[in-house]
Every structure is written in structure tokens, then in C-alpha cells.
Amino acid sequence: MNFTYRPVPISAKTAVMAVISGLLLGAVLIFATGNHPAVIYAALVRGACGSLFALASSIRWTVPLIFTGTAAAIAFKGGVFNMGVEGQMYVGGLAAAVVGITWQDLPGYLLVPMMLAASMAAGMIWALPPILAKLYYGSSEVVPCMMLNYIAMYLTDYLVHNVFLAGGNRGATIKTDLIASQGRLARLIPGTSVSTALLIGLAIVLAYQWVIRRTRFGYEFEICGINPRFARYGGVNVNRTRIGVILLSGAIAGLGGATEIMGVRYCFESRFVGDFATNGILAALLGSCSPGGTLIGAAFMGFLKAGSLTVERTTRVSRAVAVVIQCTIICFVSAKSFAGVLELPGIRLWKGKAKEGKTQ
């Protein structure tokens with residue numbers, strides 16, 4: 001059964017209220033554990049931006065969310081529900097690692113672009129089957145995307161374990177050998193994990209802004225997301241545009257996997273993606289899928305991640321509280337952004353109507 005996803009912009013007020021609601025629920029849980037919310041939230045803020053090291057930690061966790069958030073935002077704005085960001089990061093990261101391990105003697109000015117290009121190509125290839133199934137066979141893209149996430153996760157594990165496993169690796173983590181030193185991204189802040197991946201991510205956000213504001217393709221894929229029937233009547237090839245949207249989204253997700261490998265880990269590690277994809281989707285929703293809003297949403301999620309790690313180290317409260325806050329925010333944001341936009345054939349899941357000219 002197929003459905004059409006139509007992005008509905010949310011206001012800054014809605015996003016702020018969703019965040020506040022999540023923090024309030026977190027406060028209730030903190031009370032239930034016998035702790036004072038003010039003390040715990042103070043520790044969270046201190047861990048997120050209380051020192052240069054804390055700020056660097058927040059930036060480190062923000063960078064991959066910039067890539068996953070932008071990838072999700074582009075797909076959502078184009079009317080494609082790309083739930084395969086996680087799998088695209090896995091294959092992109094492995095592609096970059098394989099190139100970085102294989103061509104050890106290449107100079108950095110050749111090796112780095114090759115690794116980034118390989119990751120983008122892998123992400124695009126992995127993103128293509130779900131949209132082809134949607135456009136030409138009438139299925140939903142959501143289920144194939146989610147299934148490809150699992151395939152990517154276990155396939156990369158298999159390939160690393162049987163083909164690219166690091167020599168002498170007997171630990172619990174399945175990982176490859178280290179990539180060439182000239183293929184690693186330079187540090188922006190010495191002694192931290194903040195690398196030039198941050199600059200690449202910011203460049204991607206700026207490019208996204210330029211595409212939707214200054215190019216014909218940006219106009220076409222935004223119109224396809226708002227009203228594909230109108231776009232088709234206006235002469236837009238909706239199928240071709242949506243293929244371009246998912247390819248662009250997959251390329252950025254794959255690039256995010258490469259920058260994590262090249263800037264932080266220096267090798268491919270099993271299950272390295274973690275919650276990057278989920279938090280990136282939340283960042284896109286918080287930012288109403290706009291470039292600036294997605295960047296702010298990614299920064300918020302990154303700061304929350306860094307702060308929660310400090311809370312777990314310095315207090316008796318688990319960082320699971322931060323996960324609850326994130327999930328609550330997703331619930332409140334999705335209640336505003338998804339209501340009235342999922343349509344099954346002959347069935348509308350929400351009876352309310354948004355006022356013309358206003359955002360929800």
C-alpha cells in the first residue's frame with residue numbers, strides 16, 4: 001500500500017513548545033529517580049557548553065547530525081520519506097574506508113576527494129531501489145528503506161569480518177585497518193574530535209540553501225513535495241525530480257558516513273552509526289526541513305547528546321533520560337508536522353484543515 005508524504009512547515013513556536021514539553025517530561029522522570037531537575041539540567045548544560053572541551057564535544061556530536069538532518073530534510077521537502085539514511089551512512093562509510101585503506105600511497109589531495117566521492121556514490125546507489133519501487137511499482141518507499149538499513153548494517157559487518165577485518169583484531173568490535181594518514185581530515189580544535197568535517201557540513205547546508213532558493217531543480221523538487229499533481233500540470237517531470245531528490249539525499253547521508261570515518265574513527269567500525277540517523281530526522285523536523293532550521297536542530301541534538309554523557313558520568317541519572325526527552329520531542333513535533341499529510345488511497349488520516357497562508 002502506497003502513501004504520499006507532504007511536508008507541512010511548523011512554526012518556531014511549535015518547535016520550542018515541543019522542546020519544552022520534552023524537558024518537562026524529563027523533569028518528571030528525574031523527580032521519580034529522587035534527583036532535582038535543576039541540578040541535573042545544570043549538569044547537562046555544563047557538559048554541553050561549560051568549557052572548551054564540552055563545547056568541542058557538542059560540536060563533535062552535532063557534525064554527523066548536520067549530514068543526516070540535511071539528507072532527511074531534502075528528501076522530506078521533495079515529498080520522499082527517506083527512512084534509509086542509516087543504511088546510506090553505513091555503505092558510505094565502508095566505501096570511504098575501503099578507498100582509504102586500498103590506496104595508501106596516494107597523496108592527500110587525491111585520496112580525500114576519492115574517499116568522499118566513493119561514499120557519495122555508495123549512498124546514492126543504496127538510496128535508489130526504494131524510490132524506483134515507489135515510482136514504478138506503486139509500493140511505499142518507507143518499508144524498503146527500513147529493510148535496506150538492516151541489510152546495510154549486516155552486510156557491512158559481513159564484509160568487514162570476512163574481507164576487510166583488521167589484522168590481529170580479536171576484540172568485540174568488528175573494524176577495518178586504519179585508513180591512510182593523508183586521508184584523515186585535519187583537526188580544527190587540537191586535542192578534540194572536531195575536524196574539517198564541520199566545514200564540509202556547513203558547506204552542505206549553504207549549498208542546500210542555494211539550491212532551493214536559486215536553482216530550477218530546487219524549485220521543482222519543493223513544488224513536487226507540496227503538490228505533485230500541480231507540479232505535473234506545470235510541466236515538471238515528478239518521477240525524475242524525485243529520483244534526483246533521493247539521490248541527493250543518499251549522497252549527503254553517505255558523505256556523513258565518510259566524514260565520521262575520516263574525521264573521528266579513522267577506520268570502519270561495526271554499528272558506528274548508532275542514533276545519528278534518528279536524531280538527524282528529528283533535527284530536520286525541528287527545523288521544518290529548512291537549511292537554517294535543520295542546522296539549529298542538529299546543534300540542539302548534539303548539545304543534548306554531549307550534555308547527557310556528562311550527566312551520566314557525574315550524577316546518578318542515566319543518559320536514557322535524554323533519549324526520553326528526544327522521543328517526546330519527536331512525538332510533539334510529528335503530531336504537528338505529520339497530521340493531515342499522510343494520505344492512503346481513499347482515506348485521509350486527519351480531518352483538520354490548515355488555514356491558507358499560515359504554517360501550523
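Reader: How many disulfides does the count come to in this structure?

Author: In this predicted model, the count comes to zero disulfides, because a pair of cysteine sulfur atoms would have to lie within 2.5 Å to be called one.

Reader: What makes C224 and C289 buried or exposed?

Author: The relative accessible area of C224 is 0%, and that of C289 is 6%; buried means under 20%, so both cysteines are called buried.

Reader: Why is N279 called buried, and which residues is N279 in contact with?

Author: N279 has a relative accessibility of 5%, and since the cut-off for buried is under 20%, N279 counts as buried. This asparagine sits in helix 11, which runs over residues 276-286, and, once neighbours within four places in sequence are left aside, N279 is in contact with L65, M301 and Q326.

Reader: How do you know that the span of helix 4 agrees with its number of residues?

Author: Helix 4 covers residues 85-102 and has 18 residues; the expected span is 1.5 Å times one less than that number, which gives 26 Å, and the end C-alpha atoms are 26 Å apart, so the two values agree.

Reader: How many helices and strands are in the chain, and what share of its residues counts as buried?

Author: The chain holds 13 helices and three strands, and 51% of its 360 residues count as buried. Its accessible surface comes to about 16600 Å², with 66% of that belonging to carbon and sulfur atoms.

Key: Residues are numbered from 1 along each chain as its sequence is written. This is a predicted model: local features need pLDDT of at least 70, side-chain atom pairs count only at pLDDT 80 or more; totals for chains, interfaces and linings use all residues. Side-chain values use heavy atoms; hydrogens and water are left out. Buried means under 20% relative accessible area, exposed over 50%, partly exposed in between (1.4 Å probe, protein chains only). Helices (H or I, at least four residues) and strands (E, at least two) are DSSP runs, numbered from the N terminus. Contact means heavy atoms within 4.5 Å. Accessible areas come from the Shrake-Rupley method with a 1.4 Å probe; for residues, only the protein chains shown count as cover.
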